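Student: I have a model open and want to check the labels put on it. Can we go through them one at a time?

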Amino acid sequence: MTLIQPQDLADSVADALQHISVYHPLDYIDALAEAYALEESPAARDAIAQILTNSRMSAEGKRPVCQDTGIVTVFVKWGQACTLAGDESLQAVIDQGVRRAYLDPENPLRASIVSDPVFGRRNTRDNTPSVTHVELVPGDRVEVTVAAKGGGSENKARFKMLNPSDSLVDWVIETVPTMGAGWCPPGMLGIGVGGTAEKAMVMAKEALMAPIDMAQLKARGAQTPIEALRIELHDKVNALGIGAQGLGGLTTVLDVKILDWPTHAASKPVALIPNCAATRHAHFTLDGSDPAYLPPPDLNAWPDVAWSPDEQARRIDLDSLTPDAMSDWKPGDRLLLSGKMLTGRDAAHKRIAEMLAKGESLPVSFKDRVIYYVGPVDPVGDEVVGPAGPTTATRMDKFTDMMLDLGLVAMVGKAERGPAAIAAIEAHGRAYLSAVGGAAYLVSRAIRQSRVIAFEDLGMEAIYEFEVHDMPVTVAVTPDGQSIHTLGPSRWRRPVITTSAA
């Protein structure tokens, strides 16, 4: 009988979460470096360069690769010859590790978990509880896989109960474009097929924990029908032309992973979950002797890619920006922003709407300002702000017309805008700019000053004023309503023939 000490498990979970917050898995780095070398789209290549540079900076600085440090998911394979010492539950012990990792003063991670999800949605302040899946297996060891999944990619999860004769390939190829770019491609797709609805979803999530090996798989050739299906889906999804950050390009996914399970004769449940550019997962084993600590990777494994501003990028003074000055902006133009900008995301926009409905005065003026959709990590040491990458802009779509009525000149976020937001942008003659999701630490280096100016009680969702210097963005929606997230993929799309029997 192997006795597992609660402190060993909690220590190991805390260490793993800190590790994955700052170090990408090397299989992801290798695959992304290969995609960078092959990419022909200038916008996508620039985005991948930012992600790779950000990854190296985060590894060196030991700071999060993304400001959204995720909801923690833990897969536990508990050996049946193992016993957890003490009287705390497994969930409580794992959450102790989560709490310690997210409150670590040397590298605090952003707490994003809210309790009472239907009503109060109050932040738990320590990112607990985790979502834990446990399987009893033969043996005298405990195998643990820890993942931290950002909201931008988790929100793009899809499920469909197909008929047995329906094509899985057709459904995936039809579904991926509807996910937009809020999941921050290039990343991975996890697919679960069979079982029941909930089993398919768990398999899709667990599939994402496997190493990226598409290049090796193609080199040796498929040996099973599932492997052949993985290759087919990988090639057909990339042929959609969505590309890095949805800007249009050759690589949308680095790998496709599939797990399956027997199912009812009348059913074909299929779940699809993407993993983003901030791919975060790690595996460790406990044998009852000590905690498991993950060694830091060799920084020489990172490619020699150092992003720098495009020579063609236009420098924009935010303090004097007017709608007239944006009239010649084109979709895909790269800009470097300097000056003062405001921040605000879901909770702040909702509160603004509620205050306006009550006839209350707002605590800040938005006239002639630019707003950045961001919820930054707390700073450490002499940092002005912690990693501060963009959040998914579509969540603010329903507030766009209201905010533009208040005088906003432009908005900065990640991924595409929906039809209603684009219509409002065109009607007001304003613009939407896209920053790279997955480059949070790099973006934070452009922020020279930061102060909370409203809604301090909202924590990371408060309204800040940032002073930035040469913050890199791409023109995503122009004042006349043209969107790079429509034009880019249409240019890079290649024929997709969906004739698979799968």
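Student: What is the handedness of the crossing of helix 2 and helix 3?

Tutor: The crossing of helix 2 and helix 3 is left-handed. The rule: a crossing is left-handed if the near helix is turned anticlockwise from the far one by less than a right angle, and right-handed if clockwise. A word on the source: this is a predicted model, where local features need pLDDT of at least 70 and side-chain atom pairs count only at pLDDT 80 or more, while totals for chains, interfaces and linings use all residues. Residues are numbered from 1 along each chain as its sequence is written, and side-chain values use heavy atoms, with hydrogens and water left out.

Student: Why are helix 2 and helix 3 called roughly antiparallel?

Tutor: Take the angle. Helix 2 (residues 26-38) and helix 3 (residues 42-61) have axes that cross at roughly 150 degrees and come within 10 Å. Angles under 35 degrees count as roughly parallel, over 145 as roughly antiparallel, 65 to 115 as roughly perpendicular and the rest as oblique. Helix 2 and helix 3 are therefore roughly antiparallel. The axes are lines fitted to C-alpha atoms, for helices over the stretch in contact, and angles run from 0 to 180 degrees between N-to-C directions. Helices (H or I, at least four residues) and strands (E, at least two) are DSSP runs, numbered from the N terminus.

Student: Which residues of helix 2 and helix 3 meet?

Tutor: Y28, I29, L32, A33, Y36 and A37 of helix 2 meet R45, I48, A49, I51, L52 and S55 of helix 3. Contact means heavy atoms within 4.5 Å. By class, this contact has ten nonpolar, one polar and one charged residues. Ala, Val, Leu, Ile, Met, Phe, Trp, Tyr, Cys and Pro count as nonpolar, Asp, Glu, Lys and Arg as charged, and the others, Gly among them, as polar.

Student: What makes helix 1 oblique to helix 4?

Tutor: The axes of helix 1 (residues 6-22) and helix 4 (residues 90-102) cross at roughly 40 degrees and come within 7 Å. That angle makes helix 1 oblique to helix 4. Helix 1 passes helix 4 in a right-handed crossing. Helix 1 contributes P6, Q7, L9, A10, D11, V13, A14, L17 and Q18 to the contact, and helix 4 contributes L90, V93, I94, Q96, G97, V98, R100, A101 and Y102. These divide into twelve nonpolar, four polar and two charged residues.

Student: How do you know how helix 6 and helix 9 run relative to each other?

Tutor: Same test. Helix 6 (residues 168-175) and helix 9 (residues 225-238) have axes that cross at roughly 30 degrees and come within 10 Å. The two helices are therefore roughly parallel. Helix 6 passes helix 9 in a right-handed crossing. On helix 6 the contact uses L168, V169, V172 and I173; on helix 9, L229, E232, L233, K236 and V237. By class, there are seven nonpolar, no polar and two charged residues.

Student: Helix 9 also holds N238. Why is N238 called buried?

Tutor: Buried means under 20% relative accessible area, exposed over 50%, and partly exposed in between (1.4 Å probe, protein chains only). N238 has 6% relative accessibility, so it counts as buried. Leaving aside neighbours within four places in sequence, N238 is in contact with G249, L250, T251, T252, V253 and R494.

Student: How do you know that C276 is in no disulfide?

Tutor: A disulfide is a pair of cysteine sulfur atoms within 2.5 Å. By this rule the count comes to zero disulfides. For C276, the nearest cysteine sulfur is that of C184, 5.8 Å away. C276 counts as buried because its relative accessibility is 8%.

Student: What makes N127 and D470 worth a look?

Tutor: Phi. Most residues other than glycine have a negative phi, and most peptide bonds are trans. N127 is not a glycine, yet has a positive phi of about 70 degrees. N127 is in the loop between strand 5 and strand 6, and is buried at 0% relative accessible area. D470, also not a glycine, has a positive phi of about 55 degrees. D470 lies in strand 19 (residues 463-477), and counts as buried at 17% relative accessibility.

Student: Where are cis peptide bonds found?

Tutor: One joins T128 and P129, with omega about 0 degrees. P129 is in the loop between strand 5 (122-123) and strand 6 (131-137). Another joins P185 and P186, with omega about 10 degrees. P186 lies in the loop between helix 6 and strand 9 (187-194).
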